[in-house]
Amino acid sequence: MNLMRIAPNVQKIAEVIASVIKVDVTIVDYGLNRIAATGRYIGNIGAKVSQNSVFAYALRHGESFVIDHPRSHPACLKCEDKEGCKEYAQVCCPIKVNHQVLGVIGLIAFEEEQKNDIVNNQVNLMEFLSRMADLIATKVVEEENTEKIKMLAKELEIVLDAVDRGIVAVDVAGKILHHNVKAARLFGMDEKSIVQGNIRDLLGKIDLEDLSIRNICIKNREFSYKKGHWGFRGIYDVNPIVVGQNTVGFVFTFSNISEALNTINDMIGNLIETSFDSIIGNSEGIMRVKQEAMKASNTPSTVLIQGESGTGKELFARAIHFQSSRRRGPFIPVNCAAIPEQLLESELFGYEEGAFTGAKRGGKAGKFELANKGTIFLDEIGDMPLHLQAKLLRVLQENVIEKIGGKEYIPIDVRVIAATNKNLEQKVAEGEFRKDLFYRLNVIPLNIPPLRERKEDMAILVERLMQKCNKKLGKNINKISSSALALLMNYRWPGNVRELENTIEYAVNMCTGNIIGESDLPNRIKYREEICPGESERYIVPIKVLECQEIQKALDYYGNSKQAIDKAAALLGLSRATLYRKIKEYGIR
Ligand SMILES: Nc1ncnc2c1ncn2[C@@H]1O[C@H](COP(=O)(O)OP(=O)(O)OP(=O)(O)O)[C@@H](O)[C@H]1O
């Protein structure tokens, strides 16, 4: 606490004291600065008084006293001016706040008459001075508090302005009292016009009376704001300001929906950034699709990727997105076959509050909205029900979505990449897929060949997948025997690269040395070689493979204790001895 801060007030008080008591007054602070003075010392305001002065003594002792014999009083003993001192008497009264001495009020008599007045009126004088000291102390505390409040208000303003949501405080009638910079920016207003307004100017109809009676918080309410050319869709929360028992106002927090979605997407959407380099393979088939896909990255047109399961359709879709001008936007994959039919519409397009029983308060944004300014990847599009196909067609043609239960169309800017492992043309012919939608999606078709048609990629895929598994499993296996590779080459790979990935992971797990051998491969691959070496025949599963798979299944289910073997044998319709023989024959672990 510093007397200097209220120096003008201290000077006024010094003058009042001087006019009442008719002696010179000096007030010094804790740093021995002469803050205020009257009479002979008026010219010394701002200068320091000596460390050995009476004031310094008074600051140290912190009590009031009267010096009626200057020069011989203990307070005067160290004073350098003692010999030339012209004072007749002096009174010192400390200024204190909570026992902390902030300064001293000093009265100085330069005449005998003044001295007599002081000495004769000591009690009243001390009372008067201590009141004046309290007055100064109160002023300092007030000043300090005002300063603190100002600082707090400034801090609060900085905090509010740093918040990335619009904040508006209103009274119970909705009159806007405070707002942060973001709020004015969201509503496209300048500072002046927003504070002169009412919350209803921003939100339209809102029942504040009901809110204040029910005294509840509201979360994530959607609203649309439109004024002149300015407009946006937003969400808001409301929190009542309760003082004692009464609601005296509300704090509204606003966000722009697209900004909120962008933040979500930043956090979850683009975690796996993919480039074309991560698509492994040098075969003519894969190189051709890669080139087509790279060209597709540079256009906003819809892409339809066809290929069997596990051929890398999503990998391609990601690579296209991250190579395109939308790479900073979200990539939102949706598996149309994995979401129950009745939920798919709300997943894709979202819904408004109260759209159906069980709908979340505040509604929900759909994947299309989440994908705004980015790419939506509609996987397994062939499984999309017909009524949603019609809705999707409208979205593609008009670039707007309509939420379930919504009253307005929401414009979106989303690139669509669809994929399927079904024969869509055939589905169109069978009436299960809309022809118009097929054409709308199939603007840029990409056909990824299955792995069995590009066996030349096998070696490099195996090598890279081994490296990946080594990292994951902490192993160091860097080779595959030529016979094991031949087995992989001869296998039909119905699950394509995904199946190969899992196979290599299995083999790296099984391998005890540092070269993957035949014995490290799963049975279904081991037995494929001798039975089905040709790769162009139609896929008919050899009996031995089926037998091996069923035995494996039974053992996986029951385990391999003696009792379990008996149970498995009974289930398979084999004798125990035959089952043992076959386990050995097939090398089942
Ligand atoms: N050419 C490739 N290079 C490297 N990895 C690949 C390649 N093709 C596929 N993969 C990998 O195989 C797995 C399956 O790929 P992805 O999910 O893209 O296939 P998909 O065709 O979309 O499958 P589904 O039809 O079952 O959805 C992924 O782990 C992917 O990284």
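Predicted model: local features only at pLDDT ≥ 70, side-chain atom pairs only at ≥ 80, totals over all residues.
**Overall fold.** I began with the secondary structure and found 24 helices and 21 strands in the chain. I then checked burial: of the chain's 589 residues, 32% count as buried. I also examined the sequence range of the contacts. Among contacts between residues at least 6 apart in sequence, 63% join residues at least 24 apart.

**Ligand shell.** Which residues are the closest to the ligand? I noted 16 residues around the ligand, with I280, G312, K313, E314 and V497 as the closest. Helices α11 (313-323) and α19 (496-510) are the elements that give two or more residues to this shell.

I next turned to buried nonpolar residues. In soluble globular proteins, nonpolar side chains tend to be buried together. The largest nonpolar core here holds 45 residues, and I looked up which members touch the most others: I305, F368, I376, F377 and I417. Helix α11 supplies the largest share of this core, with five residues.

Another core lies apart from the largest one; it comprises 40 residues, including L3, I27, V28 and I105.

**F368.** What does F368 touch, leaving aside residues up to four places away in sequence? I listed L348, F349, I376, V395, I401, I412 and V414. Of these contacts, I376 is also among the core members that touch the most others.

Methods:
Residues numbered from 1 in each chain as written. Near = placed C-beta within 6 Å. Helix = DSSP H or I, 4+ residues; strand = E, 2+ residues; numbered from the N terminus. Core = buried A, V, L, I, M, F, W, Y, C linked by C-beta atoms within 7 Å. Buried ≥ 20, exposed ≤ 12 C-beta atoms within 10 Å, placed from the backbone. Contact = placed C-beta atoms within 7 Å.
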